[in-house]
Amino acid sequence: MASTTVASRAVVPFLVAMMLLTGVCNTLLTKYQDNQCVRNCDPSDGGKPANFHQPVFQTAQMFVGEMGCWLVVGLMSLYRRYRPTTSPSDRGYQPVNTDVDAPQADSRTSHEVDGDEFDHHAKPSILRGFRVLLLALPSTCDICGTTLMNAGLVLVAASIYQMTRGALVLFVGMFSVIFLRRRLHLFQWLSLVGVFLGVAVVGLCGVLWPDKKEAESADEQGDAAMAVVGILLIAGAQIFTATQFVLEEWILENSTIEPIRVVGWEGIFGFTVTVLIMIVMHLFVGRTEAGRYGMFDMVEGWNQMMHNKQILISSILIMISIGGFNFFGLAVTRSVSATARSTIDTCRTLFIWIVSLGLRWERFKWLQIVGFAMLVYSTFVFNGIVQPPLKSLQVDEETEELLPEEPIEHN
């Protein structure tokens with residue numbers, strides 16, 4: 001068990017790196033999709049150009065990407081089934097216990113129970129049987145959070161979007177303490193505040209010094225009102241996302257289900273609920289004159305996706321990246337914690353900013369360097385990579401780094 005634990009911790013840097021890579025790709029692809037013109041694109045059309053603003057469809061395509069994890073699960077099952085075996089235990093045979101007084105070994109030790117890896121030393125999984133429906137709870141939070149963030153991203157600049165998302169780490173930290181009985185050291189609380197302030201400084205740059213293209217197209221009062229609405233939508237979304245993270249950590253702590261299966265189940269539940277909502281809203285809103293071309297017009301949204309090559313290709317890439325992002329994010333949650341996952345996720349801002357500069361989506365602003373320095377330093381302090389600057393904030397014992405009280409070990 002000890003060597004397995006060391007191996008699982010050694011793979012954490014890889015999981016973190018892949019989580020950041022897939023997360024960066026997902027955000028940039030979503031913003032690229034939002035910038036695609038779908039109506040009145042030719043000046044000769046006479047109307048105002050309209051871009052692809054379909055946050056509900058973007059939520060649905062996210063869940064399609066998550067359902068794609070079942071393809072990986074199937075391929076892994078086929079590999080395990082047909083790979084060469086070298087011992088009877090590998091083929092599923094268990095030794096017969098001839099001692100009638102000794103307790104009988106559970107025949108499920110080396111098999112999968114309800115599709116999950118079973119460890120007879122662990123406590124029973126809460127997701128056995130129909131209780132897998134519990135995964136519908138984080139899926140519902142994901143629907144609300146993702147849709148609100150997609151809608152907010154349409155209304156505000158990318159820098160303001162990233163600033164507001166920084167509130168996630170505070171919500172996850174508080175919810176982890178309240179509901180999961182986590183204990184944070186004072187330096188970790190200060191680190192969470194530092195992460196939030198760092199992202200806030202980055203976003204503030206976009207408000208104080210807007211890009212030339214944004215400034216030229218600004219419609220002052222209307223633009224400011226839309227920005228406020230967008231910020232409120234994104235801020236509200238962080239409450240749902242934090243709830244999702246904490247629910248997933250609780251589920252993973254109390255079950256032996258693999259993270260990739262969690263993503264697959266959440267994809268099924270989330271896609272089902274999203275499609276039902278889309279149908280209902282299309283019937284009552286999308287078909288009306290006021291709702292035409294809006295986010296609840298399913299027919300128009302489908303036509304925009306199918307008849308625009310850039311949107312169709314980016315949708316496929318978003319599905320792939322979001323499936324990977326959720327899998328690696330859940331793997332980080334299981335290996336570390338939900339709070340650490342949200343803190344690491346916030347660092348996506350740095351990479352998104354660098355790529356945006358390279359694509360000339362944003363202009364360089366020196367104050368952003370200050371914000372990113374605060375962000376990265378606070379993240380390192382929070383995760384124990386760098387010691388707190390004040391000796392009074394340092395802890396003598398080995399920092400738990402927000403590991404579960406009883407670390408989950410994988411065989």
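1. A search of the whole structure, a predicted model, finds 8 cavities of 30 Å³ or more. A cavity here is a set of points, on a 1 Å grid over the protein atoms alone, where a 1.4 Å probe fits but cannot get out. A volume is the space filled by probe spheres set on the points, which are joined across faces, edges and corners.

2. The largest cavity holds about 360 Å³ of space. Its lining has 24 residues, and N26, M62, T146, M149 and I322 lie nearest the centre; lining residues have an atom within 4 Å of a point.

3. Which helix gives the most to the lining of the largest cavity? Helix α5 does, with 6 residues. Helices are DSSP runs of H or I, at least four residues long, numbered from the N terminus. Among the others supplying at least two residues each are α2 (12–34) and α13.

4. Helix α12 (residues 298–307) has E300, G301, Q304 and M305 buried, meaning under 20% relative accessible area with a 1.4 Å probe, protein chains only. Seen down the axis of α12, the buried residues fall within an arc of 130°, so they line one face of the helix; the arc is that of the directions from the helix axis to the C-beta atoms. These residues pack against α3 (55–67) and α13 (309–335), among others, where contact means heavy atoms within 4.5 Å.

5. Residues are numbered from 1 along each chain as its sequence is written. Local features need pLDDT of at least 70, side-chain atom pairs count only at pLDDT 80 or more, totals for chains, interfaces and linings use all residues, and side-chain values use heavy atoms, with hydrogens and water left out.

Notes: Buried < 20%, exposed > 50% of the residue type's maximum accessible area, 1.4 Å probe, protein only. 1 Å grid on protein atoms, 1.4 Å probe; cavity = no way out; pocket = protein on both sides within 12 Å on 5 of 7 lines; lining within 4 Å.
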